[in-house]
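Let's take a walk through this structure together. We'll start with how the chain is divided up, then look at how some of its parts pack.

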Amino acid sequence: MSDKIAYERHGDIAVLRIQNPPVNALSQAVRAGLQDGMSRAEAEEGVRAVLIVGEGRAFIAGADITEFGKPPQEPYLPDLCNRIEASPLLVVASMHGVSLGGGLEVALGAHYRIAQPNARVGLPEVHLGLIPGAGGTQRLPRLTGAEAAIEVITSGRHVMAPEALELGIIDRIEEGDPQTVGLAYAQELLDSGATRRPISEMPGTAPIDWDAAYEAAFRKGRGQISPAQAVRAVQASAEEPFKVGMKTERQMFVDLMETDQRQGMIHAFFSERAVSNLPELKGVTPRDLHEIGVIGGGTMGAGIATAALLSGLKVVLIEMKDEAAKAAHERIAGNLQGAVKRGKISQDKYEALTTEALKVSTEYASLSDVDLVIEAVFEDMDVKKQVFAQLDAVCKPGCVLASNTSYLDVNEIAASTSRPGDVIGLHFFSPAHVMKLLEIVVADATAPEVVATGFALGKMLGKVSVRAGVCDGFIGNRILATYRTAADHMVLDGASPYQIDKALTDFGFAMGPFAVADLAGLDIGWATRKRKAADRHPDERVPTYIDRLCEQGHFGQKTGQGYYIYEKGKRGGVPNPEITRLIEAEQKERGITPRDFTDREIVRRYMCAMVNEAAKLLGEGIARRPLDIDMVLLFGYGFPRYWGGPMKWADLQGLESVLRDIESYATEDAWFWQPAPLLKTLVAEGRNFDDLNKEAA
Ligand code: T1G
């Protein structure tokens, strides 16, 4: 038997204990070991039951994702689950930690299931662009009914043990060592004469409005196909005999395995874990973090303080005046009340955080003992330098001094202090206690252990932390500025902002660029255009129609009018005829004859601009790897996860075709569409962005 499964006899019960750290993924060796273990138990004298249990932190986290994309190896997981279920012995699964995907499917192949109170079960395959492929769509509905099964499968969420008990997914909850409680439960079942209980022999679920469920899943997936496919697989569990339903599920699973969306989502899964593992930080010890300071209690500062408090850190927040300090305290308390409402913290915890862990002051001297300070004050270099001068004077030696600036030069800020090695950029995204992305901006003088401390803070706050070099806009905002410009150029040339927004939401973005601009506030872009006007290149095409709207005092959602008109109490907005008028006026002024754009061309230009700027960033070393850029766009800019990110999207299109399009666009506008040197090199060498990820690992 494989060394991944420990086989033990306990009276007339055989135990198969899975030993495949870190999360007992169902590798080929584990599958073969379980299969052999079942045969051995059935061959041995006196064995009446089998207990399947996991060693370490989990029962089973699912199929081994590292095997995806490689030729499948027997025993195949659906066959193993069927084999477990078909055993003449009574089979019991004792679950703890997570039982996800194939892990839950193995447990559903057993006849009875017992779990720890804090155990979680789920079928998260949709997060990998797949559907459950080992009987989950056929067995789960037979236990829970179609609607509950569809909700669990299409959400991919983790179901806590009490709810799983209620849904009938597990039979019992009992605190204790998983093997001990599992053995006792199996013995109790044997003593009570309980019979085998194959789920496949249970009747299929009652029908529901399958087409409505399919439509709902497709809409919610925003272009992702596997959730909707899962509905059809569950429908098969109701309409076809079990064996036929299994074949239907298998075919759908195999077809989805071949899709770009599966490649994109697996790429996102592994990149999310790789992005914070920087080779240069191996062996570098971060500084201790127990208490942090936050300068500025506005939306951003309060969000950062909230995230820190929720992660267990103490916070000293500094505001200029008492009334601002009081407002900041209320803002943070409001954020924490939200966490209570969402069940993230108890009311007692809320009280402790707001009265003990959080201190709000107007005195910088209160920062004398903090381990790290993040300033989130007005985005002006002089203001930042004044703040850093005060921090430099009062903070203890070794205290990390961080700026939350979204584009200012962190090198210049560092040089204004006596300790540039302690200075770093920590660019949070608003709301900072909700958005997962954190850009860790490493200045020239930043010490390695200060970088390591930034990543340690990001991990404590549950962020996806990405290393960025110093440039205007770092990674995300610099790329955003470029693809926004591509959209602006298409508006000048004839595409309406509304067609562009729709084309991009159909591509999978939660919102199009113009709806996003309305949400963020048109005054921000207006201020940026004014800031950059002085050193603008003469060939740069910058529309002015939107400045005309800003001059009228319309800044988007916050004023009720922008690209869209927003009516009080109504979600979303309607196109603003004033925008169309202003665009037509500008086109006339510029002598432009507007032309039609197809949705495909809109997406193509938008994505090529994004990839081209990203490739420039990579070439300049601002971003370390293509996967870093993918994670920034996924976690900070609403990029559709099923593409894996812009760099994965480009690999899936083929870099040659992307470069060819960029070069064709450059014939219209050589200044904006200068092909990135790195892109040209990769195409010339027949390599792609994933090759760069592998080389940098
Ligand atoms: N396969 C291979 N490696 C896995 C893995 C898996 N399923 N799950 C986790 N790992 C690795 C992960 O890469 C990391 O590696 C380490 O374990 C710790 O993970 C047929 C087809 C289980 C909740 O989608 O959600 O079954 O970086 O850092 O935050 O129907 O991992 O240390 O080298 O994430 O405590 C379905 C995916 C598969 C679960 C733990 N299962 N995993 O989270 O630790 S498809 C999933 C997770 C399937 C069948 C279908 C999480 C976790 P390294 P971690 P964590």
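## Domains

A quick word on terms: domain bounds here come from an automatic or database domain assignment. What you're looking at is a predicted model. The assignment gives domain 1 (5-124 + 131-202), domain 2 (286-468) and domain 3 (476-519 + 526-545 + 594-696).

## Helix 12 and helix 13

Now for some helix packing. Helix 12 (residues 299-310) and helix 13 (residues 322-341) have axes that come within 9 Å and cross at roughly 50°, which makes helix 12 oblique to helix 13. The crossing is right-handed.

Who's touching whom? On the helix 12 side you'll find T299, A302, G303, A305, T306, L309 and L310, and on the helix 13 side R331, I332, N335, L336 and A339. Sort the residues of this contact by type and you get seven nonpolar, four polar and one charged.

## Helix 18 and helix 20

Further along, the axes of helix 18 (residues 476-493) and helix 20 (residues 513-520) come within 10 Å, crossing at roughly 115°. The two helices are therefore roughly perpendicular to each other, and their crossing is left-handed.

Here R484, A487, D488 and V491 of helix 18 meet P513, F514 and A517 of helix 20. That contact splits into five nonpolar residues, no polar ones and two charged.

Methods. Residues numbered from 1 in each chain as written. Predicted model: local features only at pLDDT ≥ 70, side-chain atom pairs only at ≥ 80, totals over all residues. Heavy atoms only, no water. Axes fitted to C-alpha atoms, helices over the stretch in contact; angles between N-to-C directions. Helix = DSSP H or I, 4+ residues; strand = E, 2+ residues; numbered from the N terminus. Parallel < 35°, antiparallel > 145°, perpendicular 65-115°, else oblique. Left-handed = near helix turned anticlockwise from the far one by under 90°. Contact = heavy atoms within 4.5 Å. Nonpolar A, V, L, I, M, F, W, Y, C, P; charged D, E, K, R; others polar.
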